[in-house]
Amino acid sequence: MSKTSATGQLSISRFLRAAGALLLIGALLLSAPEGRCGWGAPARAATAPREGETRRVIEVRADAFGLPLADDAIARLYDKPSVRLHQGDRIQVSVFVEEEGDYTVWFDMAAAESVVVTPPEGQLWIDGRLPVADARRIIFPVYYRNTTDEFPLDRYGNEILIPQEQHIRWTKAPMRDINFSQAYPLRVHLTAGKHSMEFILTRESALLGSIYLEPFSPYRPYREYLQDHSSPDSSGVLIEIEAERPSYKNNVSIRPLYNRSLDVTPYDTYRLLLNTIGGESWQQSGSALYYEFTVPEDGMYCITLRALQNYKSNFTIFRRITINDEVPFEEFNEVAFPYSPQWHNITLGGDAPFRVFLHKGLNTLGLEATTSPYDVAIQNIRKIIADISALSLDIKRLTGNQVDPYREWKIADYIPNIDERLSAIVEALQADRALLSAINQGLNSAEIMNYQMALDNILFLARDPDKIPVRMNRLSEGPQSAIQLLGGVLSSLQKQPLALDKIYIHSPDTPPQPPPTSPAKSLTEGMKRFLHSFTPNPYQSIGAREGEIEVWVNRPRQYVDLMQTMADQTFTPRTGIPVKFSLMPNESKLALAIAANIEPDVALGISTNIPFELALRNALKDLRSFPDFDSFIRIYSPGSLLGYIINDSVYAIPETQDFWVTYYRKDILQSLGLSVPHTWNEVLKILPELQLYGMNYATPLSIGTGIKGYLITAPYIFNHGAHLYGPDGYSTGLGSDAAITAIKFMAEQFTVYGMPLTVSSFYESFRNGTIPIGISNFETYVKLTAAAPEIEGLWGIDLYPATVLPDGTQNRYATGSAQVCIMLADTDKPNESWEFLKWWMSTETQREFQQQILLNYGPEYLWNSANVEAFKALPIPQEHKEVILKQWEWLQEPVKLPGSYIQERELSNVWNRIVFQGVNPRVAIDDAIITINREMARKMEQLGYIRNGQRVMEFKIPTIETVRQWMQGSED
């Protein structure tokens, strides 16, 4: 048996109890809103006191809530009364506490069947106050399970993920901190006597049974557990569980993985098998896997995990172990898994394995990722970051953000306590570094090195505080500043990745053995795979069988696997049309395939700039030639189609859709006393205040370098009431007064108002607060929701700033193109391909796809469908969804015309010449107009619209109203 000695199970409860006490001190004291329901009867003591504990558990049953009792299928799975709550519902009850002390709050609950990914959330108020700060946001579990027992195979014999479904399950859920990072449930201190309780469901729907107040007591140590369980050791039992097949889980992000190592099973030389689970998909604290198994008799058993922790070098990660939904003893609350580059059988307890009592029959093992050993450090880092930010803001207020290396400051004259503030930061950093080093057994991980670098920065600044104004890059600005280094450590500490291959439940006398391996087998298998690497990749093969539609997809394989599965399960049985999906890792290959006459029937995930160029060369099918096209496109925002229209023909339909909205930091704007601006005039008013403190406002023009494309320049033209082209489409429209005003404003944002010319990463600048407000898109939204835990709840989104015209009209047009679907002109299956496109972009299919991609891979895979109705079902906060949908009402894509590429480029050049070279705006625009009109005329002549200098064909310029008329005409 390959067994690690002393796996390092660490008990760090004393730190965690101290952290809990600190959190209690910081609880918010707020007034409770008025309740909707009447008061329930006082609850009674429901259970006998624990051994050595005089306080008793208080149970409040659902029939005391004053609401109609539930009587549906889910309610009947619970053996007590329950109620069904929807968002905004509340219950109010009173309880009588016999003895003062700390209590934990528990809820018998089940997520409603309508919940997909976003879990139910609630608030608990006691005596009109939040008993602890995190009672404002109590997150309840939602469980998921596989829909089948076996992994399905794709058409090439490789295993693919099993579709997930919600697992309706009643559970007794404690009130925990919002990050699930504390070792114990939140504690509430209650005095003896009568107390009022109000619970409000703030998100989703759930069924609620009894509520319990249980006296707090820490988990007993292992030695006491053994004294309470005198059952004999079991003998001869070895139960092997494939870890990639959990009975259920509470986080959709946790998924099986392919692993080609000979150290895992099952293994196949040529096929891809999903033979492990977790890794970086199982790193969020609170995310758990559950395994049900049956033992033949009552007795004491051991648990061994075949695990791999090679994701974080010299770093220890932790898991909380539960047996039948309970932590049996203290050592199982924080089980350590140190770094190891190889798979190992890790028996819990190391050389002296822990024995766990299991009753005969069905038992459940739970494995939950936990950051509880690091919770003190996490809380301290958050506080230190806040302290550094406050100090940085105070210094910027003093200096006016003027960095003058020759100016001398006496900082202590203006910030008398600066030495004490720096010393407090240093002491906290030193204590945390010692804690991290102890947990990781003195190993020097990347987290500890970054921590030390941040500490060195503060120590360096503390030696001469008067130099801080010219050394802000060490304090709060730049990638190597203390605040940025600590932000990186904070993010890393909250990630606890671990991969599992197998789980063994076994008798102490029957330890599991690792799979046999040998150098000869490794060499043989390596040679086989090397030779196999010369065979063509079937996922990128060209050509379909007789009667099949061939679809190329410009997306990663996990998307393609799900598309193929959905088409095989729904589209093909319904229509009789088979579909073959192939990966298209580089969409430039599409033009080469057209030239070689090996193009597919349909292509998905195509960039928005490609369809127009292909359509001009007659390479794409006119989708409006299908009689039901006008009725089909009612699923879209009208303005989203404008970039794919030539005259009355449409050559692409949107697949995904972007959005440009205002992102703002609630905490920073509130500290500065600023409100969120809704117009550009309001933006300009808050700029001086932001810039006074070294902050700024970011526009899309600040993002990236090089050419400023239509996606970010065209909205300025639209919102000033101008047009990109002349009314006949044969000339530019940039010479109008409105267009000139728009271009001047584009430039003056930087030349007059001092907005940042370049923002290398709006996401990073937004996280660290140097740019607390600005305009960005869907990519930023995904990053902030998935990778910015330190500002969770501290940011929001609002509409794109409106341009106020002289007549009072407010325009807030913005672009939103992302990826599109096209049909190739030479397809011999146009009707079948059109049926496929309608199926793929239908509301039903898009909703199913976005739900399955989230269930299979987690929230990092948000699918921003261009189907507006399908997008409404996306599980994101309702307040965010309303802003995005409202902004999509202003979506307007720039129209493409022959030669429009030159105007897109010249508009960018005009901005660059004004901003960087100081050229007069009118001169720059007039020069550009000459170049644009000349190139457009040449292109029109090349395509046959002009002959001998005369216009021989009309060119229609589509508008949003044009598309609306098509949609309305289909309803008549």
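In this predicted model, Arg 84 is partly exposed, at a relative accessible area of 23%. Its salt-bridge partner is Glu 113, with 3.3 Å between the closest N and O atoms. The two residues belong to distant parts of the chain, 29 residues apart: Arg 84 is in strand 3 (residues 83-85), and Glu 113 is in the loop between strand 5 (101-111) and strand 6 (121-126). Glu 113 is likewise partly exposed, because its relative accessible area of 48% falls between the limits of 20% and 50%.

A further salt bridge pairs the side chains of Glu 165 and Arg 145, at an N to O distance of 3.1 Å. This pair also connects distant parts of the chain, with Glu 165 in strand 9 (residues 164-166) and Arg 145 in strand 8 (residues 144-146), 20 residues apart. Glu 165 has a relative accessible area of 30% and is partly exposed. Arg 145, at 33%, is partly exposed. The total for the model is 45 salt bridges.

Within helix 20, Lys 838 and Glu 835 are 3 residues apart, about one turn of the helix. They form a salt bridge in which the closest N and O atoms are 3.1 Å apart. Lys 838 has a relative accessible area of 17% and counts as buried because this value is under 20%. Glu 835, in contrast, is partly exposed at 35%. Elsewhere, salt bridges with shared partners join Asp 72, Arg 84 and Glu 113 into one network.

Helix packing was examined next. Two packed helices are described by the angle between their axes and the distance between the axes. For helix 20 (residues 830-841) and helix 21 (residues 843-857), the axes come within 4 Å and cross at roughly 55°.

For helix 16 (residues 710-719) and helix 24 (residues 900-917), the axes are 10 Å apart and the packing angle is about 80°. These two helices are therefore roughly perpendicular to each other. Tyr 710, Thr 713 and Ile 717 make the contact from helix 16, and Ser 900, Gln 903, Glu 904 and Leu 907 make the contact from helix 24.

Leu 669 is located in helix 14 (residues 666-672). With 3% relative accessibility, Leu 669 counts as buried. When neighbours within four places in sequence are set aside, the residues in contact with Leu 669 are Tyr 664, Leu 674, Val 676 and Ile 773. Ile 773 is 104 residues from Leu 669 in sequence, while the C-alpha to C-alpha distance between them is 8.5 Å.

At the surface, a nonpolar patch is formed by Met 527, Phe 530, Leu 531 and Phe 534. Together these residues have about 460 Å² of accessible area. Met 527 is part of helix 9 (residues 519-532). The relative accessibility of Met 527 is 44%, which classes this residue as partly exposed.

Definitions and conventions:
Residues numbered from 1 in each chain as written. Predicted model: local features only at pLDDT ≥ 70, side-chain atom pairs only at ≥ 80, totals over all residues. Heavy atoms only, no water. Patch = residues over 30% accessible without salt bridge, like charges linked within 9 Å, V, L, I, M, F, W, Y side chains within 5 Å. Areas by Shrake-Rupley, 256 points an atom, 1.4 Å probe, with all protein chains shown as cover. Salt bridge = Lys/Arg side-chain N within 4 Å of Asp/Glu carboxyl O. Buried < 20%, exposed > 50% of the residue type's maximum accessible area, 1.4 Å probe, protein only. Axes fitted to C-alpha atoms, helices over the stretch in contact; angles between N-to-C directions. Parallel < 35°, antiparallel > 145°, perpendicular 65-115°, else oblique. Contact = heavy atoms within 4.5 Å.
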